[in-house]
Amino acid sequence: MFRRTFWFTAGAAAGVWATAKVHRKLKQLTPESLAAQAANKAIDAGHKVREFAVDVRSGMVRREAELSEALGLEAAADPALPAPRRLVAVEHPRTTYPYNSHNRNEDH
């Protein structure tokens with residue numbers, strides 16, 4: 001009698017576990033869930049591309065500074081020429097990235 005009760009309980013528990021697992025998987029495969037997962041992955045990819053662009057830009061600025069120093073371009077600035085643009089760091093919720101406005105009205 002004890003053996004039958006044990007196996008009945010074990011079978012019922014396995015059935016409940018399997019049913020719950022199947023329902024969870026089916027819920028993940030609904031169109032709404034798939035769309036949300038795709039949107040989250042697209043957002044994450046956008047953030048990674050932005051971080052890559054920030055890394056490239058900071059490396060570019062650093063290398064330009066090294067080259068300017070090596071060529072002696074920093075000291076010999078012509079006063080008739082406009083001042084070089086400087087990047088300004090802007091706070092963002094996920095990252096800090098350099099900001100360079102392309103508004104030509106700021107130059108005048």
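Student: What span should helix H2 have, and how far apart are its end C-alpha atoms?

Tutor: Helices (H or I, at least four residues) and strands (E, at least two) are DSSP runs, numbered from the N terminus. The expected span of a helix is 1.5 Å times one less than its number of residues. Helix H2 covers residues 31-71, 41 residues, so it should span 60 Å; its end C-alpha atoms lie 59 Å apart, which agrees. This is a predicted model, where local features need pLDDT of at least 70, side-chain atom pairs count only at pLDDT 80 or more, and totals for chains, interfaces and linings use all residues. Residues are numbered from 1 along each chain as its sequence is written, and side-chain values use heavy atoms, with hydrogens and water left out.

Student: What comes just after H2?

Tutor: Glycine 72, with a positive phi of about 70°.

Student: Which residues of H2 are buried?

Tutor: Buried means under 20% relative accessible area, exposed over 50%, and partly exposed in between (1.4 Å probe, protein chains only). In H2, the buried residues are Ser33, His47, Val54 and Ser68. Across the chain of 108 residues, 6% are buried.

Student: How many aromatic pairs does the whole structure have?

Tutor: Rings of Phe, Tyr and Trp (its six-membered ring) pair if their centres lie within 6.5 Å; planes under 30 degrees apart are stacked, over 60 edge-to-face, and the rest tilted. The search finds one pair. The ring centres of phenylalanine 6 and tryptophan 7 are 5.1 Å apart and the planes stand at 75°, so the pair is edge-to-face. Phenylalanine 6 is partly exposed at 47% relative accessibility, while tryptophan 7 is exposed at 56%.
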